[in-house]
Amino acid sequence: MALLHRPGRPAPTGRPRRLARTTAALAATLALLPPLVAAGGASAQEVPAADVDVHVNTQAALGRLSDTARGVNAAVWDSHMNDPEVAALMKTADVGAMRYPGGSYADIYHWETHTAPGGYVAPGTGFDAFMGTVRATGAQPILIANYGSGTPEEAAGWVRYANVTKNYGAKYWEIGNEIYGNGHYGSGWEHDDHADKSPREYARQVRAYAAAMKAVDSTVKIGAVLTAPGNWPDGITGEGDPGDWNHTVLSQVTDVIDFVTVHWYAGGSDTSADTAMSRLTRLPGELREVRAQIDRYAGADSPRIGIALTEVNTNTGGAQLTARPNGLFAADAFMTALENGVFNVDWWNTHNGPGAITTVDGETDYGDMGMLASGACTGDVCQPAPNTPFHPYYGMKMTGELGTAGDTMVAAASSAQDLSAHAVHRRDGRLSVLLINKNPDAARTVDLAYAGFSPSAAAPEVSRYARGDSDITDVTDSGASASRVTVPPYGMLTVTLTPKPGTGSGASAAGTPGTPRLEAVTDTTARLSWAGTTGAARYLVQERDGAHTYLVGETTGTSVTLRNLPPGSTHTVNVLASDAAGRLAAPSDPLTFTTGTPADAACTVDYHRDTSWGNGFVATVSVRNLSDTPITGWTMDWDWPTDGQSVSSGWNATFHQSGRHVRVTASENAGPLAPDGASTASFGFVGANDGPNPDPTVFRLNGTVCAGG
């Protein structure tokens with residue numbers, strides 16, 4: 001019997017995490033676009049009144065789908081890994097990446113001998129056989145070099161065999177799997193023979209691996225392992241380490257790596273996929289924090305370093321893994337991650353093997369983390385024939401109905417928590433909208449409205465996956481219109497619309513500008529530049545707030561300075577080119593930046609996180625008065641960057657929190673803050689973080705913005 005990789009995650013302090021929302025507001029803005037209006041369209045039959053509003057804005061780009069956007073994991077212990085049916089199914093689902101040799105097995109696997117001491121290796125799962133499946137799928141491999149029991153020389157030999165001897169063109173290479181799980185922080189599931197198991201040693205070895213592998217093929221992309229912010233062991237500093245895993249590793253490797261990898265399992269004590277779908281709201285904030293960490297250490301070179309989510313699933317064992325709700329979760333998770341800055345998402349796993357048997361939504365759930373059945377049994381309950389798709393496969397496949405490589409993801413917002421919306425503006429001008437109804441009991445009727453897109457009078461193409469469907473089903477004749485559709489309970493619809501002739505970005509003589517770059521930033525200004533495009537008479541810079549956009553800058557050149565920005569505020573902007581007739585082309589990819597604090601402020605603040613333990617921390621805050629007069633009876637204010645951050649208890653001051661806002665008041669016996677920085681007031685607190693834990697960006701002393709942070 002194959003040894004199954006159960007990517008269990010220790011959660012000694014595990015708690016649900018929540019979404020981190022970007023706070024972005026400009027002092028004065030102009031609306032770039034007219035108000036969103038519902039598109040007309042005849043309906044073949046009466047449709048119920050809408051109970052959900054979805055707004056789609058094609059001029060708020062979230063990034064472009066890469067050719068490796070959809071991926072799956074493959075494991076050497078899986079005897080069905082290279083069945084011909086696997087390649088056929090994955091090709092149909094537009095899978096562009098296949099990761100090998102299988103999670104934690106990567107750190108015991110030796111490619112040349114095709115052995116994994118201490119583990120099981122199934123016949124017919126060697127590297128060349130795997131590459132046969134990759135090529136038949138039309139995908140690219142993502143290969144994990146053995147860090148736990150391997151060497152840089154062994155990894156370089158694999159690169160030589162793959163790309164020189166066999167000419168496979170293997171581009172993406174991770175250095176190890178979940179190396180932070182090597183016991184350095186107390187819990188250990190990842191094999192690691194290194195005497196020094198610290199993040200410092202891992203970073204040193206990443207440099208050695210990168211040098212050896214790129215000496216063989218300078219075109220390969222090297223990936224370093226990070227932990228997802230807000231997930232164990234994020235925030236924990238090991239003995240003798242200068243910081244936690246991510247900060248220690250990134251501080252030493254950003255000049256030699258090309259991407260980072262993180263894994264995300266919804267987790268928690270409730271292992272249901274229904275609960276996991278609600279936990280997806282925390283993923284965008286965690287991915288933004290990964291990018292912020294890369295920004296901190298890579299600086300201007302940060303855009304070169306990609307983020308890959310190389311393992312994702314509901315949980316690491318339990319119920320609702322093969323059932324319908326996990327199919328909804330798969331579709332939602334793939335698109336949520338891709339919309340928030342990753343270039344690749346890999347489901348765990350292709351086949352995994354059965355676990356606990358339960359009944360979910362009237363169907364047998366096999367407790368299997370695979371997308372396809374392995375045909376194995378738990379007791380007297382056996383799975384369907386090998387390679388029978390489970391619901392998560394159809395969830396991933398539905399995202400292929402939404403868009404393919406080169407298409408642009410655009411902003412979509414839903415008014416209902418139990419209905420997710422994702423949208424893709426295709427290269428041929430069509431617009432596709434994916435609607436996911438997570439309510440098991442009620443259909444949701446959706447009013448669709450658009451900005452930057454005018455649907456034609458033609459009926460939309462509609463694909464459905466819901467109860468009673470054995471595959472994604474064409475329901476174009478179901479009566480859906482461009483302005484209203486009904487999504488079945490626990491169901492998904494993809495609605496694809498054609499543009500009204502003469503409208504949309506395709507009607508503009510201008511092309512798409514380059515992604516904006518942040519040239520300089522202060523507390524109230526940001527200078528942006530971008531690569532120009534043909535046919536542009538002028539450029540518009542617009543800020544995105546959800547699915548809405550606002551004009552914040554306009555120029556005939558290829559740079560602009562945005563002014564009057566609030567200190568410590570975060571902004572996401574796109575650039576659009578307008579032709580001589582005023583027609584707007586497709587937007588650039590987005591840029592997100594944060595303003596600083598004033599260098600000449602009348603006060604300074606030092607915020608220091610003393611210790612962390614995954615979902616809690618201790619911090620000390622010190623403030624100095626730089627003005628020429630003393631301050632008596634001070635208050636300190638800040639806003640947390642995410643919803644899940646809070647003050648639990650504190651000392652040397654009085655604390656009050658409302659929503660994200662924290663106000664700290666000096667204790668009654670506190671003396672005055674002396675002028676010219678001659679004295680310091682310090683206070684501390686125990687905090688909690690239900691997700692990522694970024695530091696506050698701006699502090700105010702008696703209403704005055706301070707320097708530092």
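**Disulfides and salt bridges in a predicted model**

Colleague: Let's start with Cys-603: buried or exposed?
Modeller: Accessibility is sorted by relative accessible area (buried under 20%, exposed over 50%, partly exposed in between, using a 1.4 Å probe and protein chains only). Cys-603 has a value of 1%, so this residue counts as buried.

Colleague: Good. Before we go on, at which pLDDT do side-chain atom pairs count?
Modeller: Residues are numbered from 1 along each chain as its sequence is written, and side-chain values use heavy atoms, without hydrogens or water. This is a predicted model, so totals for chains, interfaces and linings use all residues, local features need pLDDT of at least 70, and side-chain atom pairs count only at pLDDT 80 or more.

Colleague: How many disulfides does the rule find?
Modeller: The rule takes a pair of cysteine sulfur atoms within 2.5 Å as a disulfide. Counting bonded cysteines along the chain, the pattern is 1-2, 3-4. The count comes to two disulfides.

Colleague: Which residue is joined to Cys-603 by a disulfide?
Modeller: The sulfur atoms of this link lie 2.0 Å apart. Cys-603 is joined to Cys-706.

Colleague: How many residues apart in sequence are the parts that this pair ties together?
Modeller: The link of Cys-603 and Cys-706 is left-handed, with -95 degrees about the S-S bond. Elements here are DSSP runs numbered from the N terminus (helices are H or I, at least four residues; strands are E, at least two). Cys-603 lies in strand 31 (residues 603-612). Cys-706 sits in the loop between strand 39 (704-705) and strand 40 (707-708), so the tied parts are separated by 103 residues.

Colleague: And what is the handedness of the link of Cys-377 and Cys-382?
Modeller: Their sulfur atoms are 1.8 Å apart. Cys-377 is partly exposed at 38% relative accessibility, and Cys-382 is partly exposed at 40%. With 95 degrees about the S-S bond, this link is right-handed.

Colleague: Turning to charges, how many salt bridges are there?
Modeller: Side chains of opposite charge can pair when their charged atoms come close. A salt bridge here needs a side-chain nitrogen of Lys or Arg within 4 Å of a carboxyl oxygen of Asp or Glu. By this rule the count comes to 27 salt bridges.

Colleague: Which residue meets Asp-94 in a salt bridge?
Modeller: The N to O distance is 2.7 Å. Asp-94 lies in the loop between helix 1 (84-92) and strand 5 (97-100), and its partner is in strand 4 (residues 70-73), so parts 24 residues apart in sequence are tied together.

Colleague: Last one: which residues are linked with Arg-304 in a network of salt bridges?
Modeller: Arg-304 forms a salt bridge with Asp-301, with the closest N and O atoms 2.9 Å apart. Arg-304 is partly exposed at 35%, and Asp-301 is partly exposed at 32%. The network links Arg-304 with Lys-214, Asp-258 and Asp-301.
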